[in-house]
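This report describes a structure for a reader who is new to it. The sequence and the structure come first, and the description follows.

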Amino acid sequence: MDEKELITQSQEGDLQAFNQLVLTYQSTLYNVAYRILGDGDAAADATQNAFLSAYRAIGRFRGGSFKAWLLRIVTNACYDQLRVKQRRPTDSLDDMAVEPEYDANLADDAESPEAYVLRQELGAVIQQGLGVLPSDQKVILILSDIEGMSYQEIAHVVGISLGTVKSRLSRARAKMRDYLVQNGELLPALYRLHDGGG
Amino acid sequence: MGFRSKKGIHTTVRENLSAYVDREADAEAVALIESHLAACDACAWEEKTLEQTRRLMGQAPRVAVPRSFVLRRADVEAVSKAGHSLARRTLYLRGVTALVGVLLFAVVAGDVWLKPATVASPAPEPPLMLLGAPQGTESLAEGTAPSRLAVEATPPPAEVAPLSAAEPAPAETPTDIEADALEWGKTTALGGGYQGAVPEPGEVRAHWWESANLWRAVEGVLGLLFVVLLAVIIGGARRVRRGA
């Protein structure tokens with residue numbers, strides 16, 4: 001069954017059909033939420049809330065990119081989580097960053113176990129670098145460089161103009177570059193920024 | 001792109017480098033950036049490191065989903081119930097807001113209609129003098145409208161003998177409030193404290209609804225309540241829109 005048909009059935013209240021869409025997009029939504037929030041539990045909550053909101057609102061979905069529509073909902077759910085976190089900052093042991101479990105299935109088949117471990121180290125440093133960015137820049141950098149979305153798609157997801165996407169992404173990427181240069185020793189040698197290439 | 005702007009060429013190029021490495025810069029920008037990069041090592045380094053950053057970000061491993069996010073019927077029904085409850089609360093809130101709006105309108109209309117009688121006097125005068133003089137005499141503050149009380153407490157002009165500076169004010173049957181004021185004068189003269197309500201200097205009150213302060217206070221409270229309720233409704237609607 002194709003996506004359009006699943007959406008139509010979901011709009012008629014078919015939960016099974018909607019769950020097919022959940023299975024298709026849950027990894028994308030969870031990864032975006034994880035990169036924005038930097039916390040597995042908070043990301044899981046945001047993802048679950050996003051799917052519940054999407055199910056309730058699917059009757060109002062008027063076509064276009066379903067993925068972009070879902071990403072818009074999950075980024076809003078993440079902003080809500082960040083607001084709650086800002087209002088109630090806690091330092092309990094539960095809130096300490098825990099190393100995430102990376103998706104071994106998506107690793108390149110040609111990738112050696114050593115290279116896979118190095119890539120996980122890269123992932124941890126990138127997550128730390130994202131942590132220093134303001135939320136609005138972080139979201140755009142994640143959608144562009146991790147999810148590989150075009151400027152037009154990002155503008156649609158975030159609800160801002162193309163020009164704003166350009167300027168925010170420019171600032172965000174420059175800040176991330178500065179972070180990676182300053183913390184080069186945290187990166188495996190393979191990934192350090194230098195004149196000769198990355 | 002505005003390359004002829006007052007910004008330096010380096011700033012202009014660097015602002016567009018990110019779009020350039022994403023192949024999202026327009027043709028004019030691409031031409032300018034490429035000619036500049038050939039001649040400027042600092043901007044070339046910027047371009048190279050931004051490109052490397054973009055590539056590194058793309059190599060970040062994906063995080064495994066900790067559990068399935070498939071929705072269960074019970075979750076959906078719970079959210080649906082919560083949604084109905086929210087809708088009911090929103091409906092009540094709108095009803096209360098409408099009621100407060102109507103009340104506010106009624107109070108403002110009442111305020112305008114009843115015109116609260118407050119006679120401002122620059123200097124405090126004994127109430128007796130103020131109340132005892134007929135309407136139109138100089139004992140009332142100039143330029144102020146006579147209060148409803150003053151009109152009620154004063155005999156009709158036709159029955160009042162012309163008043164001159166040499167003649168004393170004609171004897172009149174004192175009204176309740178005049179008697180009140182007389183009593184105040186007596187007790188004050190005798191050194192005893194007046195036990196009843198003493199009007200503020202310059203203010204003549206006949207009925208509670210003629211107190212301007214009371215009207216202002218009620219209008220203020222209702223207005224504030226109305227604004228707060230509106231803000232809550234608008235905020236709630238925005239949250240619902242963003243959540244979906």
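At roughly what angle do the axes of helix α6 and helix α7 of chain A cross? The axes of α6 (residues 135-146) and α7 (residues 151-158) of chain A cross at roughly 140° and come within 10 Å. Axes are lines fitted to C-alpha atoms, for helices over the stretch in contact, and angles run from 0 to 180 degrees between N-to-C directions. α6(A) is therefore oblique to α7(A); angles under 35 degrees count as roughly parallel, over 145 as roughly antiparallel, 65 to 115 as roughly perpendicular and the rest as oblique.

This is a predicted model, in which local features need pLDDT of at least 70 and side-chain atom pairs count only at pLDDT 80 or more, while totals for chains, interfaces and linings use all residues. Residues are numbered from 1 along each chain as its sequence is written, and chains are lettered from A and ligands numbered from 1 in the order in which they are written. Helices (H or I, at least four residues) and strands (E, at least two) are DSSP runs, numbered from the N terminus.

**Helix pairs in chain A**

The contact between α6(A) and α7(A) is made by A:Val139, A:Ile140, A:Leu143 and A:Ser144 on α6(A) and by A:Ile154, A:Val157 and A:Val158 on α7(A). Two residues are in contact if their C-beta atoms, placed from the backbone, lie within 7 Å.

α7(A) also packs with helix α8 (residues 162-182) of chain A. These two helices, α7(A) and α8(A), are roughly perpendicular to each other. Here A:Tyr151, A:Gln152, A:Ile154 and A:Ala155 of α7(A) meet A:Leu162, A:Val165 and A:Lys166 of α8(A).

| Pair | Axes | Angle |
|---|---|---|
| α6(A) and α7(A) | within 10 Å | roughly 140° |
| α7(A) and α8(A) | 9 Å apart | about 105° |

Chain B has 8 helices and 0 strands. Of its 244 residues, 17% count as buried (20 or more other C-beta atoms within 10 Å of the residue's own, with C-beta atoms placed from the backbone). Among contacts in chain B between residues at least 6 apart in sequence, 65% join residues at least 24 apart.

The contact between the chains takes 52 residues from chain A and 35 residues from chain B. On the side of chain B that touches chain A, two or more residues come from each of α1 (9-21), α3 (41-58), α4 (73-114) and α8 (212-243) of chain B. α3(B) gives the most, with 11 residues.

Terms used: Buried ≥ 20, exposed ≤ 12 C-beta atoms within 10 Å, placed from the backbone.
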